[in-house]
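Visitor: I am new to protein models. Could you walk me through this one?

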Amino acid sequence: MSDTAPAPVRTMTMAKALNAGLRRAMEDDPKVLLAGEDIGKLGGVFRVTEGLQKDFGEARVIDTPLAESGIVGTAIGLAVRGYRTVCEIQFDGFVFPAFDQIVTQVARIRWRTMGRTPMPIVVRIPYGGGIGAIEHHSESPEAYFAHTPGLKVVTCSNPVDAYWMIQQAIASDDPVIFFEPKRRYYEKAEVDTTSTPLPLHSSRIVRPGRDATLIAYGPMVKTCVEAAEAATDEGRELEVVDLRTLSPLDLGPVFDSVRRTGHAVVVHEAPVSVGLGAEVAARITEECFYSLEAPVLRVAGMDVPYPPSRIEEDYLPDLDRVLDAVDRSFSY
Amino acid sequence: MSEVRGARPDEAEPAVQLLTPEGERVEHPDYAFTGDDAMVRDFYAQMALVRRVDAEAIALQRQGELGLWPSSLGQEGAQIGAAYAMRSQDYAFPTYREHGVTITRGIDPLRLLAMFRGVDTGSWDVLEHNTYMYSIIIGTQAVQATGYGMGLERDGLVGSGDPERDAAVVCFFGDGASSQGDISEGLVFAASYNAPVVFFCSNNQWAISEPSERQSRAPLYRRAAGFGFPGVRVDGNDALAVHAVTTAALERARSGNGPTFIEAYTYRMGAHTTSDDPTKYRLADELEHWRARDPLSRVRTYLERSGAADAAFFDAVDADADALATRLRRECLTLPVPSLAQTFDWVYAEPSSELAEQLARHQAYADSFEEAR
């Protein structure tokens, strides 16, 4: 190992962990390309791709015209030639110009070709609120994509998952919509780059507990862990499940947990109606009906457009709203 | 502006033409047909074949054997001229009306019938014939074609100087598609990266019921200037001119000099699809005007007058086309129908246990009827 080789265990922010994961994927496979707006010299508006164009060149780290449909559509043509393009959508609210290419094209090409032509495309989307942004910069559009057959949808909640999941998503022969919780980009953790990661499409119990099950993903995992810590003051031990994969879902660990606790609360930032929480609640009801002591409750954003940032704290689920739901579950 | 009965409003705009509707070979200062009479005979044979396949498909639809068919009638000159200009290493992104392109690229027309019969989704091998599936969402193929061209460049297959190696892409679309954002994005990306793409717009004058002047106030080929690369209008019913113009554009693209926009000025002689009724929105005068500009009859007149083909040639062409139509009809009626369960296998490369459980539940439900019998 040379003097400049990075140490195998490093403390990284999520943004740096994603950068390290992208770098490693590009080193491992010369067919991996990055494409997006401002991802080259600037390194992306969140600096996730910082330094990669300098090291891998403009042919592999592609600054694109400002056209999201073009970014994803060109990735399809590149995939037909065997390239694996990681598209960066600058902000969640900007994905919709590419929605057609993702939903009517990327998601269906393997199916249309009867399995002959894989679409190993990753679409990275920084998502969620809590950063004081203007309109269209704080959205949680994951349900649209999880509702689309042919796509896989994942989201990381911490630097360790970010480092591994981005590499696994790139290695996947299926298209993966990769949601990055932008308000957690600069939170740090120790990342062991030599460890063996969990499979990409698996959920994980991040905090064990016997009294109730909190189910969350992305930015809300930290909120739920903090809620669980606070609940110990009231003598309640809350189990927290990080879904990690939204399509396909991996609900086995959720069912096991709910069968033990009898109480389930699903938490996400996206509007409550017809969101991931509704699907998770329905599936828990189907699988764990006789174990439930109360209906599955949801703590989520409301069915209004994401509010102006000065009042976003009122909209976003927080520790108190999560614990309020737990109280309601126990008083049912 | 137009004084000619049945002529389109912008028909006076100059277009490259090398064979007049009367079958006369004419010169053009910038473009020349490089093929010989044998190639002209091939053009005729292939156009006649495609026209026969089209007629058979319409008949099959009328008899309830296809769900739908978009006719290519009248556009054979544009399709065959362009497809013959392509080399095997070039790549085509066709629309759902480009039957002349897909068949010339080597795809069995039975695959087209399968798609419109509803037994599959148009699933020829997109690598075997270097021809993508038919695009159904209008315009989506423009950015995809540009991406493919970007891939060719990264693979060192553009501008190497080796004619057996250098490759380019032809992106087919129509006048209706020209209004789609994806077409503009494709043109922007291709210009920005100097990608080896020929944007081939078959302006057949009608997007279902909307005339081309609803899509554009200026002739479509002029759009290229705004994107910073050449545009040219060609008589789309003149296979020789289309071949010459497309050959030049492909050569330019393959050698690393970037994209070209070709507007092939043609006419959709049939309905948009078998579900359409064009008598509701266009006049018979227009059809008469364009019938006199038919892409097949001008080539036939040339071949007959010049003595390059005799009656035996035309008889053989007709016999081959009839034989193909007979074979297609027979095989269409016995095309295998996949099971719903099979389609589950196509969705993901790495299967999901969730989907497997969904299928298992459905199969148990379906099997319960079998047991009850």
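Visitor: Into which domains is chain A divided?
Guide: This is a predicted model, where local features need pLDDT of at least 70, side-chain atom pairs count only at pLDDT 80 or more, and totals for chains, interfaces and linings use all residues. Residues are numbered from 1 along each chain as its sequence is written, while chains are lettered from A and ligands numbered from 1 in the order in which they are written. Domain bounds come from an automatic or database domain assignment. For chain A they give domain 1 (9–192) and domain 2 (204–330).

Visitor: How many Å separate the centres of domain 1 and domain 2 of chain A?
Guide: The centres are taken over C-alpha atoms. For these two domains of chain A, the separation is 26 Å.

Visitor: What is the strand order of the seven-strand open sheet in chain A?
Guide: Two strands pair if DSSP finds at least two bridges between them. The pairing in this sheet is mixed. At the edges, β3 (61–63) and β12 (245–247) of chain A each pair on one side only. The order is β3-β2-β4-β5-β7-β6-β12.

Visitor: Which residue in β7(A) is the bridge partner of V123(A)?
Guide: Strand β5 (residues 122–127) of chain A and strand β7 (residues 176–181) of chain A run parallel, joined by six bridges. In β7(A), the partner of V123(A) is I177(A).

Visitor: What angle does the direction of α3(A) make with that of β4(A)?
Guide: Axes are lines fitted to C-alpha atoms, for helices over the stretch in contact, and angles run from 0 to 180 degrees between N-to-C directions. α3(A) packs on the sheet and touches β2 (32–36), β4 (84–88) and β5 of chain A. With β4(A), its direction makes about 175°.

Visitor: Are α1(A) and α7(A) roughly parallel or roughly perpendicular?
Guide: Angles under 35 degrees count as roughly parallel, over 145 as roughly antiparallel, 65 to 115 as roughly perpendicular and the rest as oblique. The axes of α1 (residues 14–28) and α7 (residues 159–171) of chain A come within 8 Å and cross at roughly 30°. The two helices are therefore roughly parallel.

Visitor: How many nonpolar residues are in the contact of α1(A) with α7(A)?
Guide: Among the residues of α1(A) in this contact are M14(A) and L18(A), and those of α7(A) include W164(A) and I170(A). Ala, Val, Leu, Ile, Met, Phe, Trp, Tyr, Cys and Pro count as nonpolar, Asp, Glu, Lys and Arg as charged, and the others, Gly among them, as polar. The contact has one charged residue, two polar ones and, for nonpolar, twelve.

Visitor: Why is one side of β1 and of β6 in chain B left without a neighbour in the sheet?
Guide: Five strands of chain B form an open sheet, β1-β2-β3-β7-β6, with parallel pairing. β1 (91–93) and β6 (231–235) of chain B stand at its edges, so each has a single partner strand.

Visitor: Which residue in β7(B) does V198(B) stand opposite?
Guide: Strand β3 (residues 197–203) and strand β7 (residues 260–265) of chain B pair in the parallel sense over six bridges. Opposite V198(B) stands T260(B).

Visitor: Which element gives the most to the side of chain B that touches chain A?
Guide: The contact takes 34 residues from chain A and 35 residues from chain B. On the chain B side, α5 (141–154), α6 (181–192), α13 (340–347) and α14 (353–372) give two or more residues. With ten residues, the element that gives the most is α5(B).

Visitor: Are α3(A) and α6(B) roughly parallel or roughly perpendicular?
Guide: Helix α3 (residues 68–80) of chain A and α6(B) pack with their axes 9 Å apart, at an angle of about 75°. Residues that meet here include G73(A) in α3(A) and F189(B) in α6(B). The helices are therefore roughly perpendicular.

Terms used
Contact = placed C-beta atoms within 7 Å. Helix = DSSP H or I, 4+ residues; strand = E, 2+ residues; numbered from the N terminus.
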